[in-house]
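Hi,

Here is the structure I promised to pass on. Have a look at it first, and then read my notes below.

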Amino acid sequence: VGLGKDRGWGEGAETVPHPHVCVHTDPHPPCVRVCVCVCVVGQGQLKQKRLTALMSSLRGRELLNHRDRLYPAPSGPHTSLALRPLSSLNPGNNPGTAVLGKVVFSLTTEEKVPFTVGLLDGEGTCVAVTVYNMAESWGVLIGDTVAIPRPLYTRHSVEHKDKTFAFGGIRVDSPLLLLVNGKNQSPSSQAAPILAHRPCAE
């Protein structure tokens, strides 16, 4: 597992306190899920002063910038949505809702896809956001503001070495569905489709 070290990372931050996390070709083996859980619970291991500043901006300027925005949809025109805190999400789809947060960590596996980040909202709730179908060049930095329309929310639980770990997660099927720092993502942020060809048996 690779841990993001971009914008703001290292400002008094510590390494992830889990010595058994490994690089793995499976994006969701138990050791990776445990690492995600540790990062979510620890809010990216950022100092409290920085976390407070991030949350404060989400309750002020960032909230005003996103409150009346039109959000991308999987199909059809952009629509307006109500901004809700992460703590209000229900398991499954949350239509009519958007969530807003700051990136506090990022994790990548050897396979590069999916791309997982920690998202912290203005109330201090942190969840893991897993983005699929992104181009290899696409990513977000620690400190970036990310808005997610109609979040698909899940409570994850994993047992590892006789312990149970739990954390909240949001699945995003394409980076095109996100607003990053108030901007729609360009078509190049999504991975190009690959056609698989299998010869017919004689």
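What covers the buried residues of helix H2? The cover includes helix H3 (61-67) and the strands S6 (97-108), S7 (115-120) and S9 (145-149). (Helices are DSSP runs of H or I with at least four residues, strands are E runs with at least two, and both are numbered from the N terminus.)

Before you go on: this is a predicted model, where local features need pLDDT of at least 70 and side-chain atom pairs count only at pLDDT 80 or more, while totals for chains, interfaces and linings use all residues. Residues are numbered from 1 along each chain as its sequence is written, and side-chain values use heavy atoms, with hydrogens and water left out.

Back to H2. Its buried residues are Arg50, Leu51, Leu54, Met55, Ser57 and Leu58. (Buried is under 20% relative accessible area, exposed over 50%, and partly exposed in between, with a 1.4 Å probe and protein chains only.)

Next, Leu81. This residue lies in the loop between strands S3 (79-80) and S4 (82-83), and it is buried, at 10% relative accessible area. Its C-alpha atom is 5.3 Å from that of Thr97, 16 residues away along the chain. Leaving aside neighbours within four places in sequence, Leu81 has contacts (heavy atoms within 4.5 Å) that include Arg67, Tyr71 and Pro149.

Cheers
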